[in-house]
Amino acid sequence: MAATIAEKIFSQRCGRTVRAGDVVMAPVDAAMIHDITGPLAVRVFREMGGERVYDPGRIIMLFDHQIPADSIPAAENHVFMRQFAEEQGIHNYDLLEGVCHQVVMEKGRAAPGEIIVGTDSHTCTYGAAGAFATGIGSTDMGFVLKFGALYFRVPESIRLEVDGTFGRRVGAKDLILSLAGDIGADGATYKALEFTGGAMREMDMAGRMTCANMAIEMGAKAGIVPPDATTWDYVTARREIEPFDLAGDADAVYAERRNYNVTDLAPQVAVPHNVDNVVDVGDVAGTKVDQVFIGSCTNGRYEDLAEAAEVLGTADAFATGVRVIVIPASRTEYLKALRAGLIERFVEAGALVEAPCCGPCMGGAFGLLAPGEVSLSTSNRNFRGRQGSTQASVYLASPATAAASALYGEITDPRGV
């Protein structure tokens, strides 16, 4: 029978045919915990009588939200997690590698057909590798740590056919913002998004990660890009695995089918205070900004930094009065940008370039906004209070739009720079 990609993954992992709506106990191929949500998951594991985790080799631990520790409680959480990792024989990436979702991908810890969970909502990023990846709560993660499996209701799927060719300085972030605006913040609740079509097949892995990352912003349980040559080139460079075919069938039963064409897509901006409140950049051009943040698990890869640097060009400096914070998503991406001269270029222009971490994205460690301030960010959420004061405003945009806006001190269409 025809099946969606989500149905195929669950059927394969459960060893029997399953369909959307079925409730199954499925094995978990990998489980990710970090410094914010990890301690609670470990405590739940202990409360369940857990003594040894199901498989230390399948558990991914790292610190990225509050690093280096910005408070005594944060430092205590780090110590707690380090001790647990040592006790259980879990490899802990600690604070050395970067943002969890980037690190999981670049270390080859996600692959097509796998079921991966993480105590972070943007775990769906790994769908760029053809995995069924989803965020879960710390209580569920305590169960996973002990048993290596979890109950799932196999989700219905929405098939997104994305065709056309992106225009100059328009790309994956503009696409996913436009999809969020069209589908809505709850339009895909507990569904899997299948990203298909010519524009997706032409997209590099960085762009696919951007799209999968923000599936959750439409309420989706997962966002999956069917693996192709681009996927397999990326994955097989990082781990030993034999490529195989995996895609949703065109005649499968989908909850919805939506068609999009990116050819005439303009740069998009999500305006305060919801991710699905999306407009063309021209509708908000001229809005003064106090801070520009280029980074996060959504747009902190080398390709994103290169896009911002291309817009910066030979300009002497970013606009006076604008704080520009640049944070590569991982040590690997930082080194790529460093060796390409991008870091030097950003610093010369007046940016603060920080070590790989979540930074202002969750309003935790630094880069907080004061009441009345405006931030333009390449991250994934603009909820009230997300980056500091509840009286501040956060706009979301692509690295190109962010760089153009940093140059002029106001939201700017990058195509005109």
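**Close-up views of a predicted model**

View 1. Look along helix H1, which spans residues 5–14, and you'll find Ile5, Ala6, Glu7, Ile9, Phe10 and Ser11 buried. Keep in mind that this is a predicted model. Just after H1 comes Gly15, with a positive phi of about 75°.

**View 2. Lys8 of H1 pairs up with Asp249.** Here the side chains of Lys8 and Asp249 meet in a salt bridge, 3.0 Å from N to O. This pair links distant parts of the chain, 241 residues apart: Lys8 belongs to helix H1, while Asp249 sits in the loop between H9 and strand S10 (256–261). Lys8 is partly exposed, at 28% relative accessible area, and Asp249 also counts as partly exposed, at 23%.

**View 3. Arg46 and Glu87 join two helices.** The side chains of Arg46 and Glu87 form a salt bridge with an N to O distance of 2.4 Å. Arg46 comes from helix H2 (residues 38–47) and Glu87 from helix H3 (residues 72–88), so to speak two distant parts of the chain, 41 residues apart. Both ends are partly exposed: Arg46 has 35% relative accessibility, and Glu87 has 37%.

**View 4. Arg82 reaches Asp94.** Another salt bridge brings together the side chains of Arg82 and Asp94, at 2.7 Å from N to O. Because Arg82 lies in helix H3 and Asp94 in the loop between H3 and helix H4 (100–106), the pair ties together parts that are 12 residues apart in sequence. Arg82 is partly exposed at 33% relative accessibility, whereas Asp94, at 14%, counts as buried.

**View 5. A salt-bridge network.** In this view, Arg13, Asp29, Asp55 and Arg58 are linked in a network of salt bridges. Across the whole structure, a search turns up 21 salt bridges.

**View 6. Helices H8 and H9 cross.** Helix H8 (residues 205–213) packs against helix H9 (residues 229–236) at an angle of about 100°, and their axes are 10 Å apart. That makes H8 and H9 roughly perpendicular to each other. Where they meet, H8 brings Met205, Arg208 and Met209, and H9 brings Thr230, Thr231 and Tyr234.

**View 7. A nonpolar patch on the surface.** Val23, Met25 and Tyr151 make up this patch, and together they have about 320 Å² of accessible area. Met25 is found in strand S1, residues 23–27. With a relative accessible area of 35%, Met25 is partly exposed.

How values were computed:
Residues are numbered from 1 along each chain as its sequence is written. This is a predicted model: local features need pLDDT of at least 70, side-chain atom pairs count only at pLDDT 80 or more; totals for chains, interfaces and linings use all residues. Side-chain values use heavy atoms; hydrogens and water are left out. Buried means under 20% relative accessible area, exposed over 50%, partly exposed in between (1.4 Å probe, protein chains only). Helices (H or I, at least four residues) and strands (E, at least two) are DSSP runs, numbered from the N terminus. Patches are made of residues with over 30% relative accessible area and no salt bridge: like charges are joined within 9 Å, nonpolar side chains (Val, Leu, Ile, Met, Phe, Trp, Tyr) within 5 Å. Accessible areas come from the Shrake-Rupley method with a 1.4 Å probe; for residues, only the protein chains shown count as cover. A salt bridge is a side-chain nitrogen of Lys or Arg within 4 Å of a carboxyl oxygen of Asp or Glu. Axes are lines fitted to C-alpha atoms, for helices over the stretch in contact, and angles run from 0 to 180 degrees between N-to-C directions. Angles under 35 degrees count as roughly parallel, over 145 as roughly antiparallel, 65 to 115 as roughly perpendicular and the rest as oblique. Contact means heavy atoms within 4.5 Å.
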